[in-house]
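Please walk through this model one contact at a time. Start with a pair of helices, then move to the core.

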Amino acid sequence: MRRLPLSEALGLRTGARHSLHRLYRPADLVVLGLGVMIGAGIFSVAGRQAATTAGPGVILSFMIAGIASLLAALCYAELASAIPASGSAYTFTYVLFGEVWAWVVGWALLLEMQLAAAVVARVWALYAAQTLADLGLSLSLPPGVLTAFILGVLTLTAAVSARIGLRALWVIVVAKLLAIGAVIVVGALHFDAANLGGFIAPHQPASDPPDTLLGLVVGPTGTFGWFGVFAAAPAIAFAYIGFDIVATASEETLDAPRAVPKGMIRSLVIATVLYIAVAIVMVGMVPYTRISESAPLAAAFAAVGENAMVHVINIGAVLGLTTVILVLIAGQTRIMFAMARDGLLPRGLGTLSRRYHSPSRVTLVIGVTAILLAELAPVLMLEQLVVIGTLFAFLAVSAGVVVLRRRMPGAPREFSVPLSPLLPAVSVLATLWLMVNLSVQTWLSFAAWMALGVLVYLAYGRRRSLLAAPVASGRGRHRR
């Protein structure tokens, strides 16, 4: 239960240990957040949830998911302001709760980001192949080749220079925002309020046995109606996940205590507005009963005679997924770098390249692992594991705000969660609601992953942690 002293965590920013170079400015953090939160899902999730779960009420579902994410973002913002070090929720937990809890959170984040990079790369390959085919440039290549290609290129970009990766991120994010803007403007021209019907679609009883944890407790709940509106929120929350990665850049940000909270919250608000705008366009163009589940937005534009928009959507999806992969690789690199620097993972992964001044070694390890996962594992069937890993970290961070106020009331910070401890408590409840709506199989798989993580910690991290070193080394064995 030894805790990393706050002074030591903050010492990273004054050069007490090898630290990352400061690179990001406030606007860069907003782009970083938009880069990971807005992918291909912005063109599909609204239509899919409207057609299967919530009807036109999916607009409310986006608002509910956005509020739940904003509560977590406020908690992240306070901790990032008080503990501006690389590692995000892992480092926060290390300082506030102790080493074993930090390991558990870090292990969950490694699952989330590593699996997410593999999943998104597989989807990127499918969209890229379809886009080339639509443009008459069909390539007779298996999807695995395209998956390995994009992961390889973006891994090398992140490994060689964070500055190059940031410049590429700016260009691609601006391009995909232009594509999204075109979708919203053109779609609004075909908006028909009659397609909204009564807004809240009639409830339909369940025809299949429940597979979520909540369903096992309360029984079949059905779809549409008000329950459908709330039931769609957990699936939609997956679209907002990623704002937390902004916190992993704290150590590389100029004036991080001020800039990181602003960048995190601003990027989430912008992403929420864009998602809601696309959702309004989606359900306003065609009745929810006629929405295509496989390609909802593209089919809707085709139905109103805007066939050229299909190319815009495909190109926007490819661009969006590219930035998601890049930011996921960069974010996971910082978490694994922090864990290795603390001795919980092999310390060779916690070093900086003298040539590139970036954690190149750990970046390459992450990239190769993502390629192997994407090629060898059924990652598209494990998408919910990405969500549960993130939500688990949300719980730790929300609770961490309360602990920070009690244990370190005088710790300087530039942002504080209003109405604490009420809002952090509401954030915990909202996160739990999202978690119980995940499938039972996801819970079982997550439990198995966490059990493996505990074994790894007991076998390696517990004894090799720098906090386990003798007092003479400068880091006490039982500092609290």
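Helix 5 (residues 89-96) and helix 6 (residues 99-134) have axes that come within 7 Å and cross at roughly 170°. Axes here are lines fitted to C-alpha atoms, for helices over the stretch in contact, with angles from 0 to 180 degrees between N-to-C directions. Helices are DSSP runs (H or I, at least four residues), numbered from the N terminus. The two helices are therefore roughly antiparallel, a label for angles over 145 degrees.

From helix 5, A89, Y90, T93 and Y94 take part; they meet E99, W101, A102, V105, G106 and L109 of helix 6. Contact means heavy atoms within 4.5 Å. The residues of this contact split into seven nonpolar, two polar and one charged, with Gly counted as polar and Tyr as nonpolar.

This is a predicted model: local features need pLDDT of at least 70, side-chain atom pairs count only at pLDDT 80 or more, and totals for chains, interfaces and linings use all residues. Residues are numbered from 1 along each chain as its sequence is written, and side-chain values use heavy atoms, without hydrogens and water.

Now the largest nonpolar core. It holds 166 residues; F62, Y76, W124, F243, Y275, I325 and L328 touch the most other members. Such a core joins buried Ala, Val, Leu, Ile, Met, Phe, Trp, Tyr and Cys residues through side-chain atoms within 4.5 Å. Helix 6 gives the most to this core, 20 residues.

T322 lies in helix 13 (residues 308-341). At 10% relative accessibility, T322 counts as buried (under 20% relative accessible area, 1.4 Å probe, protein chains only). Its side chain makes a polar contact of 2.9 Å with that of W124 (N or O atoms within 3.5 Å, one able to donate a hydrogen and the other to accept it).

Terms used: Angles under 35 degrees count as roughly parallel, over 145 as roughly antiparallel, 65 to 115 as roughly perpendicular and the rest as oblique. Buried means under 20% relative accessible area, exposed over 50%, partly exposed in between (1.4 Å probe, protein chains only).
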